[in-house]
Structure formats: structure tokens, C-alpha cells
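Let's take a friendly walk through one protein model, looking at charged partners and at a pair of helices. Have the picture ready as you read.

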Amino acid sequence: IPSVSSIVPESCLLIVVGLLVGGLIKGVGEEPPILKSNIFFLFLLPPIILDAGYFLPLRQFTENLGTILIFAVVGTLWNAFFLGGLMYAVCQLSGPSLSHIGLLANLLFGSIISAVDPVAVLAVFEEIHINELLHILVFGESLLNDAVTVVLYHLFEEFANFEQVTIIDIILGFLSFFVVSLGGVFVGVIYGVIAAFTSRFTSHIRVIEPLFVFLYSYMAYLSAELFHLSGIMALIASGVVMRPYVEANISHKSHTTIKYFLKMWSSVSETLIFIFLGVSTVAGHHYWNWTFVISTLLFCLIARVLGVLVLTWFINKFRIVKLTPKDQFIIAYGGLRGAIAFSLGYLLDYQHFDMRDMFLTAIITVIFFTVFVQGMTIRPLVDLLAVKKKQETKRSINEEIHTQFLDHLLTGIEDICGHYGHHHWKDKLNRFNKKYVKKCLIAGERSKEPQLIAFYHKMEMKQAIELVESGGIGKIPSAVSTVSIQNINPKSLPVERILPALSKDKEEEIRKILRNNLQKTRQRLRSYNRHTLVADPYEEAWNQMLLRRQKARQLEQKMNNYLTVPAHKLDSPTMSRARIGSDPLAYEPKADSENLPIITIDPASPQSPDSADLMNEEPKGCGGLPPSPEEDEEGLVMRVKEPSSPGTDDVFTPGTGDSPSNQRMLRCLSDPGPRPEPEEGEPFIPKGQ
């Protein structure tokens, strides 16, 4: 029924099937089977985690590892203690039915119900095809919070048996978190290296190659669980470590077997887990308490939302690609609970926890709410919020080249800046891997093969298989590529090129040059900081010189602004005639003032500054003649402005000395117009000019 499966997630349908099966078994008078914890933890959970760890998108995981760890560790601790504390308060306030449940029991319940479940997250997120960033954040959190859940669960279970919990017990409990998480990773890495080393010698028995992958991974999980370490962390670590070396050693058929067997095994386990959840719900003993169950559900949602908002606010201060409000909503909404919580609740002992049935009822309610309500509504919400979906693109050689180029470039930039970030350490790890690890764990010439060539081999094989499957084998060109020929008939090793021998003195000289010039770049450089730059001794002198030049330029500009005044706008002939006619007052010129500069006064309104027209102003001594002593004493002479004749439109008759340079001088010396009287203390040259 495609219309149902497009709306309801597969996990919800499987739980419904389980409920129906459990109801039928109970209806015919039989006792339905219950999902026992040892069956779940030993047989059903490992295939799902191994599938997730073996095919983990390592690049996205490592780039977002800090964010994932903060959500997984700090977020889970916050959820556990917030929920446990509030549930203890509810138990104390709600009366005698719940008041006997102590603080440790509530904290234990909080640690069980607080962890996001990887099985439920995988089941829902695989169907909605969310973008890689959100998927790896929520799924990575659900994988790595296992260490916190294991520690808190065993810690509170042990504390419940103690008569008194001391400070030393709390400190040891805190330290046990590091032991459990790092110990699980260590166990996983050891088994991953052993698996890779074993695969080096399986070239003559290809049939059992996939068996080693499953065997060593399961051994890692069991070894970790044996010592109460994190089995999930061990499985993930072993899968991540062994994959690149195992795939280089095993045949293509073995690779296909591992891939499809893991997918099938994890799919079967997932189906059984959800069906058993439904059956166990019908079969189990339940104790329903409205206050406890509703409070648990409400506080779970509140704790998740608050934890995501506060942690994202902190994380965004350090992230380059910020988490948007839409991303935060999906992360908070995607915190699904599942069968791990149910199995941990089922493991509780009746002797120490007589309220186990009520805990299980509350846990099942939370699981059903998150899987049914949140799982069914997350797809329409993703579409409604227009959250970016995963783009199915095939990787190409071009993309691989550019990715490697950018990695090298960023490593170089970090080296120059002296900031050793994750690109630097990734480069160090790659160099160590190439120089030592690959030679030990990969057989034959593949250990020396560059990453790009290995990727090209993989792409070419994939393309050939697709061609065969699509029936396009006849379209393959007869000229096979050189790399394919190398794959079919590996040629003998090329003879190493003989380098010209250098004398000892020459070699020492080259070493000295390189040591003096290149060694400093590999030393730890101080990070760039403008406060710690070395001061230049000449910098102060240059600054003083630049300031003096700037001040001189500003003063010159102000003087030019003050002296340069635009020429007075001439009146029209009609206005000029009207002014002259209204007041025919005139000044008589002096007898010997022919060669003096002439200022014509418009007699229309002698008081108005606008009435002064600078008609002709010649510097003393213009025309090459020296000024006479009388002219020196007399200065400027004002002459009357002749009224224009009725037939002309000219306001004035230009003088003989009206050249462009003279006109510029006239403009400079003309009256700049009315200005308000400067107040006391006001500068002569106004600011801003």
C-alpha cells in the first residue's frame, strides 16, 4: 500500500504489526514473547551499529565531530539530570503513590530515557532524505551518547545499592566516563587493525574474507561489553579503522558480499526490534500513573528543546557554517527514543527497583510518542520549512581532485598562520598512514598507490559493472584504458631511475641552504595578532611626516576656499536701467586716473552689497609701465557707471584690460556677499571649508 508507507514511517508500521501479533497470541490464550535484554544487546543491536559504523561518512563525521560530541555528551547529561531532578520533584509533590521513589531512582530513569536512539533515528531519517549535515549531527549524537548512557546507567544502579554515596564515589563515576568511552574506542581500534592485518593474507581464500570483518567486529563488541565499556563505540571504531585497508586487500566480490550482507542483517534486526517492541507492549506488566507518564513526556520534550537551543547558541560561536533556526528545530524534533531505552528499563532488578513496571510503561509511552507523532510529522515539517534535502550526486574524479587540492591549500594556510587546526592534524595523520601503516596493513603494490588512482580504479570498476548490468557491454570501446590493462595484467616494477651522484661538499652546501631557508617555516609560528606585531622603528617618523603633509594640504585647501569666490551674477539690462534711473547718484573720477583699476558702482542701492559690480580692475603697473608715486598714494579709483543707451542690451562696456586672467583677479577681489557678524571666540576661517 504505497499511499500508507509514504505517510507512515516503516518503524511505526512494524510496531503496529507487533501489537497485532501480540494481541493475536494473547487472544488464543498463549503468553506472548517479550524482547529480552540479552537477546537485544547481544544479537539484534550489533548488526545495526556495525552497518552504521562501517559505512559511516567519515569526512562529514570528522568535520562536525566537535558539535556531535557536545550534543552527545553535554546534551545527554543535561537531559538526564534535568529530567531526573524534575521527576523527583513531581514524585515528592504528587502524594503517597509516588513519594517513595527516591532521587537516585529518578536519576536512573532520566539516564535511561534521555538518550537518542540510533535505531529509531536511522529508521526515520533514511526515509525523509534530510541533508548530510543534519543527518550526521543527529545520527552521530545517537551513536556517541551510548558511552554517557552506559556510564550513568551503571553508576546510578550501583549507587542505589550503596547506603551512602561519598564524594570519592562521584569523582570515580566522573572518571569512569572517560574510561568507558576511550576504552571502547581503544578496543575497537585494536580489533580493526587485527582485521586489516588478517585481510592482507587472504588472497588465496577469497571465500572467507567477509567472515573476518564480521568476526572481528563482533569480537570487539563482546570484548567491550565484557569489561562494561561502550560496545557501540567499539563497533564504530573497529568499522571505521578496518574499512580502508580491508577494501584495498579483498576482492570486489567480497566487498559486495560485505555490503549487502550488512545491509540485510541490519534491516532484519531493525524489523525484529520494532515488532518485538509491539509484542512486548501487549505482553508486559504495566502500571499506569497519569501524573508520572504525562510529566515524563512533557519534560522529555522541554529538556530536548532547551538543550538544543542553548548548546547551538554556544556552538555557533565557533562554527563557520552556522546552524540556522530550521536546523535547530529538526535536531530537537529528531531526538527519537527507541528499543535501547526499553531494554535498559527491562534490565532493572525488581529487588532494588519495585517501580520497574511504571518506569517501563512511561518508557514505552515516550517511545510510541516520539516514533509515531514525531516520526510521522517530521517529513511534512521538513517540506513545510523547505529544509535542504540530500542531493544524490555521483562522485567524480574532478570533484576528488578539487577536494584534495583544497585540503592541501587549507593545510598550507594553517601552517603559515601558525594555527594548527583539524586540517593540519588530518594531514599529519595521512602522512603517517601513508609512510608506515599502509605498508604494514595493505598487501602488494596497492600500499604505494596514490589516493586518486585508487579512487579511479573504484570508479572504473563501478562504471563497468553498471554497463554490464544495463546491457551496454557492446558499447564498450575496444581500446581499454591503460589503468584497466594494469589491473588485468600487472606489469613488472619499473627500474628505479639512477640519480647523478653528488659530492659530499655539494650535498652539504645544499643541505645548509635548505636548512637556513626552509626549516623556519615548519617551526611553530605565533598566530597573527595586530597587538603583538613587531614595531617598525621608522614607523613613528613616517607617521609624523604624513601628518604634517596632511595638515599643510588642509590649510592650503581652506585658504583656497576662502579666497576663491564666485563672480557676481550680472543683472538683466532692464533691471540695470531701472536701478540707475531710481538713483542717478554718481562719483566724479579724478583727473589723472586713466590707468588705475576701475570699480563701477551701481547707484541703484549703494547700501546693498549686491549692487557692486567689478567692471575693471587692473593691477598697478599693468601693461609694463611702472606705477607713479601719485598712483601709489591714491590707490583704487572709483568711476561712474555710464547709463546704457536705449538701443543697447549691454550692461557695461568692457574695458581694454578685460582679459581672462584679469577677470579671474576681479572675481578673487570682489565682495563675497553678506555674512553674519562673527561671534567672539569664533575662528576666522569656518570649520568644514
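K263 is partly exposed, with a relative accessible area of 39%; buried means under 20% relative accessible area, exposed over 50%, and partly exposed in between (1.4 Å probe, protein chains only). What you see is a predicted model, in which local features need pLDDT of at least 70 and side-chain atom pairs count only at pLDDT 80 or more, while totals for chains, interfaces and linings use all residues. Residues are numbered from 1 along each chain as its sequence is written, and side-chain values use heavy atoms, with hydrogens and water left out.

**Charged partners**

Side chains of opposite charge can pair when their charged atoms come close. Which residue does K263 meet in a salt bridge? The partner is D51, which counts as buried at 10% relative accessibility. A salt bridge here is a side-chain nitrogen of Lys or Arg within 4 Å of a carboxyl oxygen of Asp or Glu. K263 sits in helix α13 (residues 252-283) and D51 in helix α3 (residues 37-54), so their pairing ties together parts that are 212 residues apart in sequence. Helices (H or I, at least four residues) are DSSP runs, numbered from the N terminus.

The structure holds ten salt bridges, and three of them are set out here:

| Salt bridge | N to O distance |
|---|---|
| K263 and D51 | 3.5 Å |
| E63 and R59 | 3.4 Å |
| E209 and R206 | 2.6 Å |

E63 and R59 both belong to helix α4 (residues 58-63), four residues apart, about one turn of the helix. E63 is partly exposed at 42% relative accessibility, and R59 is partly exposed at 33%. In the other pair, E209 is buried at 3% relative accessibility, whereas R206 is partly exposed at 33%. Salt bridges that share partners also join R59, E63, D407 and K426 into one network.

**Two helices side by side**

E209 turns up again where helix α11 meets helix α12. The axes of α11 (residues 209-226) and α12 (residues 231-249) come within 9 Å and cross at roughly 155°. That makes α11 roughly antiparallel to α12 (angles over 145 degrees). Axes are lines fitted to C-alpha atoms over the stretch in contact, and angles run from 0 to 180 degrees between N-to-C directions.

Contact means heavy atoms within 4.5 Å. Among the residues that meet are V213, A220 and Y221 in α11, and I232, L235 and M242 in α12. By class, this contact has nine nonpolar, four polar and two charged residues. Ala, Val, Leu, Ile, Met, Phe, Trp, Tyr, Cys and Pro count as nonpolar, Asp, Glu, Lys and Arg as charged, and the others, Gly among them, as polar.

Note on methods. Parallel < 35°, antiparallel > 145°, perpendicular 65-115°, else oblique.
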